[in-house]
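Here's a quick tour to read with the structure open beside you. Let's start with the overall build and then work down to single residues.

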Amino acid sequence: MAALERKVIPIGPFHPLQEEAEYFKLTVEGEKVVGLDIQLGYMHRGHEKICEGKTYDQIPFVVERICGICSTSHPFACVQAIEDAAGIEIPPRAAYIRTIVGELERIHSHLLWVGLAGHFLGYNTVWMWAWKYRESVLEISELITGNRNHYAMFKPGGVRRDIEGGMIPPLLQVLDDADKKILMLTKAVLDDPVLHKRLEGVGVLTPEMAVEYSVVGPTARASGLAIDVRKDDPHAAYDWIEWEEIVLHEGDVFAKAKVRLLECLESTKIIRQCVQKLKDLPEGEIDAHMERGPDGEGIGRYEAPRGEVFHYVKGDGSLYPSRYKIRAPSSMNIKSNEVAVLGGSVADAAITLAAVDPCYCCTERIAAFNTKGKLLYTWDDLVKLSQEKTARMGGGS
Amino acid sequence: MNMSVGWVFFYLLVFPGFLFTSVVGLLYTWVDRKVTARIQFRVGPPLLQPFYDFFKLLGKDTFVPEGAPRSIFLGAPLIGLASVSVLSTVLLVSNLFPGQAFAGDLIVVLYLFAFVPIVLILGASSSSNPISALGASREMSLYLAYELPLLFALATIIVKSGGLLKIGDLLQWQWTNHPFLYSASGALAFVSAFLCMQAKLGFVPFDIAEAEQEIMGGITLEYSGPVLAVLKLTKAMLYFTVSIFLTVFFWGGFRSPREGWYHILGWLKPLAIIVLIILIKNTNPRLRIDQALRFFWSIVLVLSIAGFILATVGL
C-alpha cells in the first residue's frame, strides 16, 4: 500500500481529553499514529522556589497544593524528607493515621481515574458511577480530616488531628460499602466484552521499555515491574501490616485499569488493619514536636496513586529550607507514552495517553519561554544555572 | 390523492414535517438526556433545555474557517436539515394517511437517509481542518459499514411481504397479517436495522466520527452558531425519524386502523425504541473504527442476510 499522507493531530494545548494544558503532537498516517512529540511546560507554578520561602511547618500546606488528587502524597513525602533531615521518629499512632489518610486518598484517586477512563472511552455511565462511589470516600475523608481534599493532616513530626473512637464505625461502614462497589465495578469492567476489545493489547508498554523509561506506580506494576515504595522502602505503618502488591504483566491499558481497581481493594484492607491497630493502641501522642529546623539533607519517598513521589530538602538550621526539590511520578510516566502510543490508532492514543493517569502541573519544573514563544534557555543553559546555584549554596554534597 | 400545493407545503413545513418533527425531535433529546441522567445518578435537564440550547446557538456568531469553501461548508447542514424534514414527512404521512403514499417512497426514504452522513462528510471535509477530515473519513467508513446490512434488512421485509415497495402497502400488509417484528426473519431484520440506525445517529458505541475525547467532535468541530444549531436540530429530528422508521417498517406503525386505546399506545412504540437506543448508548464504550467495521461486516451483515434467507423460505 502506498504511504498515506502524514498529518499532525494535536492533542492539546487545550483539549477535551485532558483537564490540564499540555501538548501531544501526534503524527498520523490516516488513523495510525507514527510519531509522538510531547511538549510540556504550560503549567509551571514554581513550587520548589515557593517552598524555600516558607517555614517547615508551612511547607506541607504548599506541597499539598501541587496536586488536587494526590493532595496527601506530596505532604507525605515532604514530612518524611524533613523528618529524615532532622532525624525525628514519629509516634506509632501518627504512623497509622498517616497510612489511613494515604490509602483513603489512593482509593479516591483510583476511582477518579476509572471514571475518567470510562469518559475517555465514551462510556459516561462508568464515569458517573465511579465518581458516585468515590463520593463516600471523600465524605469519610472530610469526617476524619475536616476536608474532602487538601486534608492538611500532616506536619513534620506527626499529624495534626487524631482519629477518635467515634470516627471509626462510619469509616468501617464506608470501607464495607466501598469494597462492595469496587468489586462490582471491577467485575463490570473485567466482564465487559466491548471493554476487553477496546483495551486489551492497546498501548502496550513492555517490561523492557518500562525499565528504559523508569516508569513508576501502577504504570510500572502493570508492565510486570514489582516496584512500590510502600514495599521497597517501608515507612509509616506499611511495614507493620499485611498487604499485597498488585503486579500484572500485560502492560496494556486493560492491565493498568485492573491494577488500579485491585489496588483499591488492597487499600481498604490496609485501612482496616490500621484501624484495628489504632483501636488497640492507647490514646496518646500524635506529634513528635520538631523543635528547630534541620541542619542537613533529607529525602522522603511515598507511593502516590500515580507512583513514587520524591522530595528532597536541604536545611541550614534556620526555619527555612535552603533548597527544596520535588519529583512527581508523572514526569517519569508521561514520557513512556512515546513508545506506548506508536502503531496504535488515534482512538487508542487517546486512552493510552490517559492510562498513565497523568498529572501535568505536578510535573512541570521548567518554563523557559517568553510571551512571544521564544526559547529563553536551552537545557544546557538550565543545567549550568543549576550548577552555579549549587556552587553558591556551598558546593552541594 | 390530488393534493393542492398548499397542502404539500403544510405537510412539509408544519405537520408532520419540519416544525412538528423538530419540536418532537428536541423533546426526544430531552428524553435522551433525562434517561441518561437518571441512569447515571444525575438529575438531568429541565424539559425545555434542548430548546434553550437551540435558541442560544441561534444568537451566536458563525465562523467559517479560512480556506473552507463558504457555500459547501454552510450549505451542507441546510441540505441535511431539508432532507430530514422531507424524510420525516414521507414516513409520517405514509402512516397517518396510508392512502396518500406514492409508489417507490421506500426508495426515496433510503436515499434521504443516506443524505445525512453524506452531508456531514461534505461539510467536515470542506472545513480544511485535519481533525474534521479524520472525523469525515471515520463517518465515511461507518456509512459504508452499515449501509449494506440496512439494505438487506429492508430487502427482507420486501420479500416477506411479497414484493411491496410502497410504505403504505407494507403497513397494510402488517395490519392484515402481523408486524414483521413478530416473525423470525423480521426480527433479525429489525435487530440489524436497529444497530445500523444506532450508527446512523452517531450514538455510542458508534459515535466514532464525533468522539469528543479523541477528535474533539470531529465532523462538527468547525461549526458554530446558527449552523451548529441546524446540525444539532438535524440530529434531533433524525432521532425522531429513526424511531418512526423502525416502528413503521417493522412494528406495524404507530397508528393502526384499529380503534380505541391502541391509538395512544401506538405512540409508545417509537418511545420504547429510543429507550432501547439510550440503554445501549449508556452501557457501552465507544468502539474503534476498525472494530465497528468488523462488527457490521461480520455480525450484523450475517444477521441481516440470515433474515433475508429466512424470508425467502417464508419464515
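Of the 397 residues in chain A, 51% count as buried. Bear in mind that this is a predicted model. Chain A has 16 helices and eight strands. Its radius of gyration is 22 Å, close to the 21 Å that the globule rule gives for 397 residues, so chain A is as compact as a globular protein of that length.

**Overall layout of chain A**
- Take the contacts in chain A between residues at least 6 apart in sequence: 70% of them join residues at least 24 apart.

**Helix 4 of chain A**
- Helix 4 covers residues 92-120, and at 1.5 Å a residue its 29 residues should span 42 Å; the C-alpha atoms at its ends are 42 Å apart, which agrees.
- Just after helix 4 of chain A comes Gly122(A), with a positive phi of about 80 degrees.

**Where chain A meets chain B**
- On chain A, 25 residues are in contact with 25 residues of chain B.
- Several elements of chain A each supply at least two residues of the side that touches chain B: strand 1 (6-11), helix 4, helix 5 (124-145), helix 7 (193-199) and helix 14 (346-355).
- Sorted by type, the residues on that side of chain A come out as 13 nonpolar, six polar and six charged.
- As a general point, the size of an interface is often given as the accessible area lost when the parts come together.

**A look at Val339(A)**
- You'll find Val339(A) in helix 13 (residues 337-340) of chain A.
- Why does Val339(A) count as partly exposed? Because it has 18 C-beta neighbours inside 10 Å, while a buried residue needs 20 or more and an exposed one has 12 or fewer.
- Leaving out residues up to four places away in sequence, Val339(A) touches Leu205(A) and Met209(A).
- Leu36(A) is 303 residues away from Val339(A) along the chain, yet their C-alpha atoms are separated by 8.4 Å.

Key. Residues numbered from 1 in each chain as written. Chains lettered and ligands numbered in written order. Predicted model: local features only at pLDDT ≥ 70, side-chain atom pairs only at ≥ 80, totals over all residues. Helix = DSSP H or I, 4+ residues; strand = E, 2+ residues; numbered from the N terminus. Expected span 1.5 Å × (residues − 1). Rg over C-alpha atoms; globule rule 2.2 N^0.38 Å. Contact = placed C-beta atoms within 7 Å. Nonpolar A, V, L, I, M, F, W, Y, C, P; charged D, E, K, R; others polar.
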